[in-house]
Amino acid sequence: MEKQIISKLLHWYSTNKRDLPWRFIQKNNLPNPYYVFVSEYMLQQTTVPTVKTRFEEFIKKWPTLKDLTKTTEPKILRFWSGLGYYSRARNLFKAAKIIDKNFKCKIPDQYEDLISLPGIGDYTAKAILGIAYNKPVMPLDANIERIFARLYAFNKPLIKIKKQLYNRADLFFSKKYSSNLIQSFMDYGSLICTPRNPNCSICKIQKYCLSYEKKMQNIIPVKVKKQKLKPKKYTRAYVLMNEKEEILVRTRSRRGMLASMLEVPNDVWVEKKNLLKKDVLIKKINLKFQRKKTLLYSFSHFDLNTDIFYLKVRRKSFPKQKWLNISKFSNSQLPTVMKKIVEKSLMN
Ligand code: SF4
């Protein structure tokens, strides 16, 4: 059965594959490993449509790994604005430097070498090996896991069937067509065996699908019940605008959330509102701030509740501070949460 599924999917893929910029085929009939490497970092936690345009912009700026190693971390972080999860950008840059130094600027083609790089786990290592080097592996992304769960009617949440999924993945190794097969599974999950309302009526592998046979395709993969509420943190942010339409910014600490990135002054983030302590700079200002809206911003592991304050000031009253012109703010190195704070502060 697995052989037939492989053959059907490869055939389907030959005429239905998605046109994605990192799939540009080289003379060896495989995609450029550097493109696959960059795209895999970008795709962690971000959807394909968002990554598509940003990937093209990235490759225009840094067409090769060598070019990437010559830039600086702040430049990559600035580029990453809007994609979120900035640790990916830092890891990508660190990994590029290591590859330049230890692997003669060639993306490694061995699992142990890939997995040793920052930001690369089992899935990403296998995706690079399979897609860029045609090695017989099967990385389990959300699309592939869903197809396997449905084909074999695993009637439990994905988190509880990881071992079974890994075992099934072994049955889908291809020595000759690994790159295409992996991508065909990914595209099939995205276009046909979709998370909701899979297109079973036109499915090429329907007759091998146990979920379809049991009419369970809409309940598999089984959803995890009741998601835990994310913890909340609190802060207050202060947008100071001078007569030249510049806002006061500073660099965050080198450690912790959004390390080394730009910010507007804000209080240390705390778990209870009554623990908030006014920022040292703001404490010294003896003027009344205008209270603006509150922003609730969701990070991966907590929500940040920010009360926003606004004040018009004279530039000369803050001679030692850094300023950012509001016209340059959308392309600035401010992370998304800070941009949203500034945007809210400017609303009436
Ligand atoms: S029959 Fe439906 S559920 Fe089964 S693999 Fe095809 S699209 Fe997915």
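A salt bridge here is a side-chain nitrogen of Lys or Arg within 4 Å of a carboxyl oxygen of Asp or Glu. Helices (H or I, at least four residues) and strands (E, at least two) are DSSP runs, numbered from the N terminus.

A word on the source. This is a predicted model, where local features need pLDDT of at least 70, side-chain atom pairs count only at pLDDT 80 or more, and totals for chains, interfaces and linings use all residues. Residues are numbered from 1 along each chain as its sequence is written, and side-chain values use heavy atoms, with hydrogens and water left out.

Back to our pair. Is D303 buried or exposed? D303 is buried, because its relative accessible area is 17%. The cut-offs are these: buried means under 20% relative accessible area, exposed over 50%, partly exposed in between (1.4 Å probe, protein chains only). K230 has 34%, so K230 counts as partly exposed.

Now the whole protein. There are 14 helices and 6 strands. The C-alpha trace spans about 75 × 50 × 30 Å along its principal axes. Of the 348 residues, 51% are buried.

Next, the domains. The domain assignment gives domain 1 (2-213) and domain 2 (232-345). Such bounds come from an automatic or database domain assignment. The C-alpha centres of the two domains lie 37 Å apart.

How do they meet? 8 residues of domain 1 are in contact with 11 residues of domain 2. Contact means heavy atoms within 4.5 Å. The two domains bury about 700 Å² between them, 55% of it on carbon and sulfur atoms. Buried area is the accessible area (1.4 Å probe) that two parts lose on being put together, summed over both. On the domain 1 side, helix α5 (residues 73-80) gives the most, with 3 residues.

How many salt bridges cross this interface? The rule finds 0.

The structure as a whole holds 16 salt bridges. Let me show you some. D187 pairs with R23, the closest N and O atoms being 2.8 Å apart. These two are 164 residues apart in the chain. D187 is in helix α11 (residues 178-191), while R23 is in the loop between α1 (2-16) and α2 (33-43). D187 is buried, with a relative accessible area of 0%. R23 is buried too, at 10%.

Then comes K273 with D307, at 3.2 Å from N to O. K273 lies in the loop between β3 (262-263) and α13 (280-283), and D307 lies in strand β5, 34 residues apart. K273 is at 43%, so K273 is partly exposed. D307 is at 7%, so D307 is buried. There is also a network: salt bridges link R250, R252, E263 and D279.

One general point on such pairs. Side chains of opposite charge can pair when their charged atoms come close.

Last stop, K126. This lysine is in helix α8 (residues 122-133). Why does K126 count as buried? Because its relative accessibility is 17%. Leaving out residues up to four places away in sequence, K126 touches Y111, V137, M138, P139 and Y166.
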